[in-house]
Amino acid sequence: MAPTTTDKIKGLICRECGKTYPPVSLHVCDMCFGPLEVQYNYEAIKSRISRKTIEAGPKSLWRYIDLLPIQGEPTVGLYAGLTPLIRAKNLGDELGLDKLYIKNDTVNHPTLSFKDRVVSVALTRALELGYDTVACASTGNLANSVAAHAAAAKMQCYVFIPHDLEASKVLGNLVYRPNVVEVEGNYDDVNRLCSEIAGERKWAFVNVNIRPYYAEGSKTLAYEVVEQLGWIAPDQIVIPMASGSLLTKIWKGLNEFHKLGLIDGLTTKVHGAQAEGCSPISAAYKQGRDFFKPVKPNTIAKSLAIGNPADGYYALKATAESGGAMDSVTDEEIVEGMMLLAQTEGVFAETAGGVTIGVLKKLVKQGVIKRTDTTVALITGNGLKTQEAVMHAVGRPTRISPSLAQFLKTFNLDKHER
Amino acid sequence: MVKVRIPTPLRPLTGGKNEVEATASDIQSMIESLNGQFPGLKDRVCDDKGEIRRFVNIYLNEEDIRFLQGKDTPLKDGDEISIVPAIAGGAHPHERSA
């Protein structure tokens, strides 16, 4: 008999003052304005979860259903997650790492970014809460995923994006026929507008009023890395940061596995990576502050361009708890990182991947990450969505007429090799 | 006298007013003055140790007071202060069932 999952959620709890709420669509504490998160009944979960039960589960992120905040069975995003963990020998040789792995969410299903994880959870939960319309504020990848999943789930959909996104990310919304709202402003303006709309409409805004549930989907990246390494937590994980939520949830996921006895020890250090043109969190880290100064983003890493990061404080806290570090890279270094990953491992990541690889390189150089450490870089989105960033750097095809002679001449090849 | 802008979630305490006045020499005394006029306001803005809550931002003439002198930041006549929840709020629970 399938284990019952209805007793796993206790409710929502304020991360600041501890006030508790029923598990409804709320994201801010009405007393102290702190963010709410899902509170689980870990004793009940511990009694039924094991490496074996997980390994026997579906080949998707839903194998970790016992640690995801839905009350019934999953109904949206049944095939998301369980992306490859690549042993990146070539890139490791290049950077001076003996045991480097790439967690490759550029091939997540169906919209080629880690957002397919959070949206699967958010939309399943939104349906459980009785919503028929979903919406989001997005830098692109989230909108693509919400639009695709809403189409498949036959839900009404509104996605709100900044006006200056990459062409593929805009097209990757329109094709699913949601209402695509392009806001004249940056992501922080979009987010503020969505908060106001969320107060007016009975819509499930996945990263506003559904955020406590939505954000939990990110934990599955940590779970998968551990399982794919053979139930071992890595020594180092490098994580791109926009709102800071992903890093916070990776740290939470590792700690949950530890608490539930699914891993023996936990000495992982989590490191945060930002683009220099939008680095409020890593700047605070470098200055030893636990609060950040919001910035106006100016970077090619548009998917990370959040100037006022909602989980910035918790990302700083998680990094400090784990003993990790943070750093940032320039737009040039981002492009270099994208090209390096593509040319060593055959993985074409979007700009955020360039940020992760660029910062990984810096941390190795600084001696923060050692050659013998088992190191994982999270690559969260696909390069075909941010072609504008590398177009100037990749060169042009070599054009010839359909002539054998011209081909051989152009490439300086002898006529007879065989 | 300084002007203080009040966010929506705190307006039930100020009788619905979105802007109020206070006589204060620094942020700390401004909060005390507001609490005298609108009892309960301090509990919402400060924790039980009297520190400004982490997810409450206070701006003096557009600058976050954390980058000034925190609650000791001095005020002068005509200053404009805004109290703003760090995470934009405004959502309500609408669902039919939990």
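Predicted model: local features only at pLDDT ≥ 70, side-chain atom pairs only at ≥ 80, totals over all residues.
**Ground rules.** I number residues from 1 along each chain as its sequence is written, and chains are lettered from A and ligands numbered from 1 in the order in which they are written. Local features need pLDDT of at least 70 and side-chain atom pairs count only at pLDDT 80 or more, while totals for chains, interfaces and linings use all residues.

**Chain B, overview.** I looked up the secondary structure and found 2 helices and 5 strands. Helices (H or I, at least four residues) and strands (E, at least two) are DSSP runs, numbered from the N terminus. From the N terminus on, the order is β-β-α-α-β-β-β. Of the 98 residues in chain B, 28% are buried. Buried means 20 or more other C-beta atoms within 10 Å of the residue's own; 12 or fewer is exposed, and in between is partly exposed, with C-beta atoms placed from the backbone.

**Chain B, strand β3.** I then went to β3(B), residues 56–60. Here 4 of the 5 residues are buried, so the strand is largely enclosed by the rest of the structure. I checked its partners next. Strands pair if DSSP finds at least two bridges between them. β3(B) runs antiparallel to β5(B), residues 80–85, with 5 bridges joining them. I noted B:Val56 bridged to B:Pro85 of β5(B). β3(B) also pairs with β4(B), residues 63–64, in the antiparallel sense over 2 bridges. There B:Tyr59 has B:Asp64 as its bridge partner. β3(B) and β4(B) make a hairpin with 2 residues between them. In that turn, B:Asn61 has a positive phi of about 45 degrees.

**Chain A, helices α5 and α6.** I looked up how α5(A), residues 141–153, sits against α6(A), residues 167–174. Their axes are 8 Å apart, at an angle of about 20 degrees. Axes are lines fitted to C-alpha atoms, for helices over the stretch in contact; angles run from 0 to 180 degrees between N-to-C directions. The two helices are therefore roughly parallel to each other, a label for angles under 35 degrees. The contact uses A:Ala143, A:Asn144 and A:Ala147 of α5(A), and A:Lys169, A:Gly172 and A:Asn173 of α6(A). Contact means C-beta atoms, placed from the backbone, within 7 Å.

**Chain A, Ser195.** Last, I found A:Ser195 in helix α7(A), residues 187–200. A:Ser195 counts as buried because it has 21 C-beta neighbours inside 10 Å. Its C-alpha atom is 9.8 Å from that of A:Cys136, 59 residues apart along the chain.

Definitions and conventions:
Parallel < 35°, antiparallel > 145°, perpendicular 65-115°, else oblique. Contact = placed C-beta atoms within 7 Å.
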